[in-house]
Amino acid sequence: MPHIALQAQQTEAVQVRNIFCIGRNYAAHIAELGNRPEEDPVVFIKPTSALHLPGTPIVLPKHSSDVHYEAELVLLIGQGGKNITEDKALKHIAGYGLGLDLTARDLQATAKKGGLPWAIAKGFDCAATVSPFVSAEHIQNPTCIEFEMHLNGQVRQRGDIRKMLFPIPFIVRYLSEVFTLQEGDIIFTGTPEGVGSLTHGDTVRLVLPGHIDTEFEVFDSLN
Ligand code: ZN
């Protein structure tokens with residue numbers, strides 16, 4: 001089972017439990033995919049086998065010919081809970097990281113057309129790629145976090161969580177009303193505009209200024 005350690009902390013690494021993802025959380029990204037904003041957040045889950053930590057390349061799956069990057073802020077739940085209120089939500093977050101919600105856009109398009117689940121489009125190995133996590137106490141203002149995703153040296157995505165349609169306290173409250181959140185759960189919070197395809201030989205860099213700067217190489221699957 002994969003574990004996540006918080007940067008600059010002497011505490012033990014936590015075992016990752018559920019991987020929750022929020023879709024359609026930034027208006028400009030909804031528009032670029034031709035989707036409509038929802039009244040409630042789109043929620044999906046990835047298997048823990050999809051988790052991929054820094055140190056080895058992203059390996060693209062064979063079953064897709066169009067894997068997109070979606071750079072997102074990722075929350076690490078510390079203290080779990082059920083029916084967490086929005087005013088208490090930030091206290092349940094142990095750390096903040098960046099991640100790539102890798103998406104087989106070709107398979108997702110087919111699934112959407114048939115009204116079918118997204119598991120093979122979003123749950124393959126490496127589909128939940130994450131940076132190191134920063135302890136929440138090092139994030140001075142968790143209501144205004146900005147991040148960047150660079151592809152081969154060029155900025156492709158800029159995230160500003162003030163533009164989220166469903167802000168972090170809402171997400172934690174909403175998920176905790178449906179699922180019991182547990183220590184070690186991680187939550188992908190949705191991607192801003194600028195998504196695009198990854199190909200063999202690409203380098204992806206995720207930056208949370210002052211806290212995270214991590215790179216991943218991208219390889220095709222060998223077998
Ligand atoms: Zn996403």
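Which residues coordinate the zinc ion? In this predicted model, the zinc ion is held by E70 (OE), E72 (OE) and D101 (OD), at 2.0 to 2.1 Å. Local features need pLDDT of at least 70 and side-chain atom pairs count only at pLDDT 80 or more, whereas totals for chains, interfaces and linings use all residues. Residues are numbered from 1 along each chain as its sequence is written, and side-chain values use heavy atoms, with hydrogens and water left out.

**Zinc site**
- Donors are N, O and S atoms within 2.8 Å of the metal (3.2 Å for Na, K and Ca); water is not among the atoms, so sites may look incomplete.
- The donor residues of the zinc ion follow the sequence spacing E-x1-E-x28-D.
- Because E70 lies in the loop between β8 (67-69) and β9 and D101 in strand β10, the pair ties together parts that are 31 residues apart in sequence.
- Both E70 and D101 are buried (under 20% relative accessible area, with exposed over 50% and partly exposed in between; 1.4 Å probe, protein chains only).

**Helix α4**
- Helices (H or I, at least four residues) and strands (E, at least two) are DSSP runs, numbered from the N terminus.
- Of the 11 residues in α4 (residues 168-178), 8 are buried, among them F170, Y174 and R173.
- The elements covering these buried residues include β4 (19-23), β5 (42-46), β9 (71-77), β10 (93-101) and β16 (186-188), where contact means heavy atoms within 4.5 Å.

**Strands β4 and β5**
- β4 and β5 pair in the antiparallel sense over 5 bridges; pairing requires at least two DSSP bridges between two strands.
- I22 has V43 of β5 as its bridge partner.
- V43 and I45 form the uncovered face of β5, while V42, F44 and K46 form the covered one.
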